[in-house]
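Please open the structure in the viewer and follow the stops below in order. Each stop names what to select and then describes what is found there.

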Amino acid sequence: MRHFRLVPSWLRFLMILLLVMCILFRFVYIDRKVYSLDETYTSLRISGYTVAEVTPQIFNGRIISRENFTEFQRPNLNKNVNDIVMSLAVESPDKSPLYYIIARFWVEIFGNSVIVIRYLSALISLLVFPCLYLLCRELFNVTVSLPSLAIALMANSPMHLVYAQESREYILWLVTIILASTALLRAIRLQSIQKSDPFTTWGIYVITLALSLYTCLWTIFVAIAHGVYVVLIAKLRLTETVRSYFIATIFGFLAFFPWLMIVFAKFFQFILSSDGINNQDLNVIPLIPFLVVQISRSFFDLNIGLDNQINYLISPFFLILLLYGIYFLYRTTNYQIWLFIITLIVVPALPLILPAISSGGLRLGSEPYLLPSYLGIQIIVAYLLATQMYNGNLSQRRIWQFIIGLLIICGLVSSRVYYQADTWWNKGVSYGNPQIARFINQKSRPLLISNYSEINYGNVFSLSYLLESKTRFQLMPDQKLPNIPNNFTDIFLLNPTNAWRLQIANKYQLQPNLVYGDDHYLVWKLVKPRDAGF
């Protein structure tokens, strides 16, 4: 390992200032972004209801207002934590329950609102910094410069800002990943010098692994990455460390066993059922552009689409920086260090990448499951910069200091653009809801018609947060023709099938005009033929 000097006073002051600014960015305008489809499901789980309970009360063909949605987006006093767990077990066993239980207690104490529930994620995101410090100290055996720079890059990362302001479990998952990884490295180090009781040492790893599993099911692949690392550093031999790791992992999974059985039961139920997934209904993202842009978004993000030409200008810089960082890490550290980071990047990403190679792309919404990879990428870049800003001649050090300054500026610019926007790429199918809501809110007495599907269900709830109280909803359980009253000035169809849209238009002698459309969502306005220009 190279020697890390103490951080200069000017750089220490800059990092502290940067950290304070980035913390403020996590709390400023936290309610401005659209409350997305995924976040409405969080509120649904907190309420204790299931989709099956809500659907007959909302998608029944009656005229309802946005207040009818509120009951299913706040805690219900008649439903408790057991109902939360059961709703997940029945409908979403792939979602581990820990975050939703914490969120339920949080909103019961501080109130139910978009600001309150997102504040929970923002506060949890602050735990990333001390946890990252401990991880870097265990990994590199340094206490000042490298951990400080890693924390600064993490705080300034637009990718982590996005998840710090989303009412989902992902930022809590990142904290548990860092804790489990730190516990693993600490257990290996202490066992190698026989400094403590192995039961106590590995017990911390058991606890952090179980917490991570109860936060996100994808931790299974993080645990596999840890196992690959332990076996490889032991050179494929069954050493005492390998045995201790497997015993600790078994106990961690035993603690998770009740939920794991629910997941397996649901999985086999899906396999045996005839209701498969229609791949044509899935939104697929091209693999290579996606991966390159995600690397870039870890440091610079202006909410630019994958096919935007600007990506071809800015992404290569960050890709080259990462590739050189990997090479530099390999050349300047022992294999126990670089192997841990590489396995953390690669292994959890493989279950996403390998199917995408054959299918042509990744499913929309796969981005959060790459958080272990983002963590490894930022540690590599932090190591490169913390080392190089002290090495070489004066001109070389100035170049690397310039790159550090450039990354800081990129992050700050990204944060500035982010907190002023009302939507972002992570909002998925709800991305266009602010634009849809602005158009509908201009009308004097609008009616929004839709029918049940998984996307329509969540997006109607998402729109209910944005539409004014004058808007009414008519939600059909299937594709039956709705009975549209005559007292509405403007009629909108939310993501209808082509056949259903044409049937409604023909019945009421109205012409459907497209007012919003993207890759996965369409909104039509029904107008009289002479008003086709609306």
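**First stop: P286**

The model is predicted: local features need pLDDT of at least 70, side-chain atom pairs count only at pLDDT 80 or more, and totals for chains, interfaces and linings use all residues. Residues are numbered from 1 along each chain as its sequence is written, and side-chain values use heavy atoms, without hydrogens and water.

P286 belongs to strand β2, residues 284-286 (a strand is a DSSP run of E of at least two residues, a helix one of H or I of at least four, numbered from the N terminus). The C-alpha atoms of P286 and S359 are 9.5 Å apart, although 73 residues separate them along the chain.

**Second stop: the core**

Next, select F140 and L375, the residues with the most contacts inside the largest nonpolar core, which has 126 residues (a core is a set of buried Ala, Val, Leu, Ile, Met, Phe, Trp, Tyr and Cys residues joined through side-chain atoms within 4.5 Å; buried means under 20% relative accessible area). Helix α11, residues 170-193, gives the most to this core, with 14 residues. Apart from this core lies another, of 28 residues, among them Y41 and A437.

**Last stop: around L375**

Keep L375 selected and show L132, L135, M154, L174, I177, I178 and L344, which L375 touches, not counting residues up to four places away in sequence.

Notes. Buried < 20%, exposed > 50% of the residue type's maximum accessible area, 1.4 Å probe, protein only. Contact = heavy atoms within 4.5 Å.
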